[in-house]
Amino acid sequence: MLYVLFYTAALVAVFSTARVITSVNAVHALLYLILSLVASGVVFYLMGAYFAALLEVIIYAGAIMVLFLFAVMMLNLGQRTLDQERRWLQPSVWRWPTAMATVLLIEFLFVLTKGQSFATGHIVTPKEVGIQLLGPYVLAVELASMLLLAGLVGAYHLARREVKP
């Protein structure tokens with residue numbers, strides 16, 4: 001039974017990721033991206049990587065929503081955007097994301113009630129993750145942090161308005 005849940009969550013992740021790539025509308029692409037991240041979290045959970053599943057949902061899906069909110073607030077496109085969003089929020093737009101999210105919710109509730117997973121090795125604790133990240137992989141972590149800092153500085157310079165004296 002767990003194989004069915006695993007492959008269903010993987011199929012939802014693949015389908016929603018394909019929709020992220022092929023969506024013309026940025027809002028729809030973001031909704032599918034969040035759905036893809038939640039489906040990946042379910043896959044991690046089923047494999048016994050509970051900490052990775054938690055990080056996937058909280059950090060990635062949560063952080064993307066906050067960043068998108070900041071981007072919408074920074075752009076402040078006015079009444080034209082509000083009218084366009086009203087057209088986008090038709091019930092037909094929400095059918096597929098709602099159906100896939102419902103499948104993931106049912107799977108997640110089923111796994112929680114059965115208490116089973118695909119875990120074949122030991123469960124990785126947050127302490128073990130920290131020891132590995134700050135031990136042999138410290139250089140990769142520092143390089144990733146510098147890359148994120150460079151992206152932040154670049155985004156600031158792209159988004160700032162030049163004030164002419």
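Biologist: In which helix does V138 lie?

Modeller: V138 lies in helix α7, where helices are DSSP runs of H or I with at least four residues, strands are E runs of at least two, and both are numbered from the N terminus. This is a predicted model, in which local features need pLDDT of at least 70 and side-chain atom pairs count only at pLDDT 80 or more, while totals for chains, interfaces and linings use all residues. Residues are numbered from 1 along each chain as its sequence is written, and side-chain values use heavy atoms, without hydrogens and water.

Biologist: Is V138 buried, partly exposed or exposed?

Modeller: Buried means under 20% relative accessible area, exposed over 50%, and partly exposed in between (1.4 Å probe, protein chains only). V138 is partly exposed, because its relative accessible area is 34%.

Biologist: Which residues make the nonpolar surface patch?

Modeller: The patch covers about 730 Å² and is made by L133, L134, Y137, V138, L139, L143 and M146. Helix α7 (residues 138-159) gives the most to it, with four residues. Patch residues have over 30% relative accessible area and no salt bridge; nonpolar side chains (Val, Leu, Ile, Met, Phe, Trp, Tyr) are joined within 5 Å, like charges within 9 Å. The areas come from the Shrake-Rupley method with a 1.4 Å probe, only the protein chains shown counting as cover for residues. A salt bridge is a side-chain nitrogen of Lys or Arg within 4 Å of a carboxyl oxygen of Asp or Glu.

Biologist: How many aromatic pairs does a search of the whole structure find?

Modeller: The search finds three. F6 and Y7 form an edge-to-face pair, 5.3 Å centre to centre with 80° between the planes. Rings of Phe, Tyr and Trp (its six-membered ring) pair if their centres lie within 6.5 Å; planes under 30 degrees apart are stacked, over 60 edge-to-face, the rest tilted. F6 counts as buried at 17% relative accessibility, whereas Y7 is exposed at 55%.

Biologist: Which residues of α1 are buried?

Modeller: An α-helix has 3.6 residues a turn, so residues three or four places apart point the same way. In α1 (residues 2-22), the buried residues are L2, L5, F6, A9, V12, A13 and S16. They fall within an arc of 125° seen down the axis, so they line one face of the helix; the arc is that of the directions from the helix axis to the C-beta atoms. On the other side of α1, Y3, Y7, L11, V14, I21 and T22 are exposed.

Technical notes. Expected span 1.5 Å × (residues − 1).
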